[in-house]
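I keep these notes as I look through one structure. Each entry records a single thing that I looked up.

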Amino acid sequence: MDDPLSRNLLTDNPALYEARFPDPGRLAGRWAEDCLRRYAAPGPRVLDLGCGTGRDAAHLHASGRTVTGADLSEAMLEYARARRPGPVYVRADLRGFDLGDGAFDAVVCLDSALLYCHTNDQLDGFLAACRHALVPGGLLVAEMRNGAFFLGRTELLDAPAVDGFVWQGVTYRSTTRLYVDRTAQLLRRTRVWTTDDGSPPVEQRSAWRLLFPQELRGLLAAHGFEVLALHDGPGPRTEPVWREGDPPGETADADRLHLAARLAHRR
Ligand SMILES: C[S@@+](CC[C@H](N)C(=O)[O-])C[C@H]1O[C@@H](n2cnc3c(N)ncnc32)[C@H](O)[C@@H]1O
């Protein structure tokens with residue numbers, strides 16, 4: 001039997017995921033393409049890790065890239081194949097994958113997907129797999145929560161966040177609690193969903209690694225990456241939001257981190 005806590009209402013229902021997180025301006029895809037140009041990806045082959053519904057992969061494809069989208073969720077992959085044609089979609093675990101030696105010129109990993117690497121071994125697995133996947137000089141572009149934001153700030157932790165939206169005539173309400181598990185260095189989330197269609201409430205738990213900027217620099221250097229940019233915005237999920245032509249920031253203090261790194265040594 002399925003463990004309901006191991007499932008995720010949104011990743012199991014890709015259309016609902018898109019309704020909850022609309023991205024009509026394809027901001028994340030445009031930001032990623034801007035990074036690939038700004039930091040001169042050595043070629044057109046891009047791997048989008050944690051590609052979800054394929055919105056960013058399809059945008060990169062439309063920009064002339066040769067894109068492979070990879071995700072762990074079969075539901076997401078099925079949806080992406082049907083609704084976002086162009087890229088090739090494959091099932092892969094970003095914590096350790098082999099999609100070919102030097103098969104890509106860039107890897108992108110957006111919306112905190114990298115932080116599904118909870119342990120140091122998983123982070124090493126991710127970076128070792130990226131190193132294997134990239135050609136020398138290849139780029140790693142990522143966008144995620146910033147662990148350092150939580151040092152001395154509790155505004156996201158103090159009170160549950162209540163949200164709601166209507167999809168296909170059903171009202172979905174979520175109550176979300178975040179807390180910091182300092183021992184595991186994880187941001188843990190409990191989210192309870194209720195609907196007005198008579199379904200019982202669903203409780204889901206997720207967690208993201210709290211990764212600090214200097215810790216990330218150390219890991220990248222150990223895996224042969226040279227950091228080109230590591231900053232808190234502007235980016236696709238910052239306030240104010242990133243616009244074409246905006247230069248990268250110089251601090252890493254706010255709640256999102258944006259990374260561009262080049263594979264300098266393949267070893
Ligand atoms: C927040 S969504 C991001 C989707 C997309 N990149 C975006 O920006 O809209 C995270 C995605 O990561 C996928 N995911 C979670 N753990 C993963 C893993 N270990 N390997 C590959 N994909 C994973 C989920 O299935 C989900 O589609």
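**Entry 1: the model.** I note that this is a predicted model, in which local features need pLDDT of at least 70 and side-chain atom pairs count only at pLDDT 80 or more, while totals for chains, interfaces and linings use all residues. Residues are numbered from 1 along each chain as its sequence is written.

**Entry 2: the sheet.** I looked up the strand order and found an open sheet of seven strands, β3-β2-β1-β4-β5-β11-β10, with mixed pairing. The edge strands are β3 (88–91) and β10 (225–231), each of which pairs on one side only. On average, neighbouring strands of this sheet are turned by 20 degrees against each other, direction ignored. For the terms: helices (H or I, at least four residues) and strands (E, at least two) are DSSP runs numbered from the N terminus, and two strands pair if DSSP finds at least two bridges between them. Axes are lines fitted to C-alpha atoms, for helices over the stretch in contact, and angles run from 0 to 180 degrees between N-to-C directions.

**Entry 3: strand β5.** I followed β5 (residues 134–145), which runs antiparallel to β11 (residues 256–263) and is joined to it by seven bridges. The bridge partner of Val-141 in β11 is Ala-260. With β4, strand β5 runs parallel, and five bridges join the two; here Val-107 stands opposite Leu-140. A residue is buried if 20 or more other C-beta atoms lie within 10 Å of its own, exposed if 12 or fewer, and partly exposed in between, with C-beta atoms placed from the backbone. Nine of the twelve residues of β5 are buried, so β5 is largely enclosed by the rest of the structure. Helix α5 (residues 120–133) lies across β1 (45–49), β4 (104–109), β5 and β11, at about 140 degrees to β5.

Entry 4: Contact between two residues requires C-beta atoms, placed from the backbone, within 7 Å. Not counting residues up to four places away in sequence, Ala-32 touches Asp-56, Leu-60, Val-108, Leu-110 and Val-141.

**Entry 5: helix α3.** Seven of the eight residues of α3 (residues 55–62) are buried, among them Asp-56 and Leu-60. Their cover includes α2 (27–38), β1, β2 (66–71) and α4 (74–83). After α3 comes Gly-64, with a positive phi near 105 degrees.

Entry 6: Is Val-162 buried or exposed? Val-162, in strand β6 (residues 161–167), is exposed, with 9 other C-beta atoms within 10 Å. Its C-alpha atom is separated from that of Asp-105 by 41 Å. Lastly, I noted that β8 (residues 186–195) and β9 (residues 202–209) run antiparallel, joined by eight bridges. In their hairpin, with six residues between the strands, Gly-198 takes a positive phi near 90 degrees.
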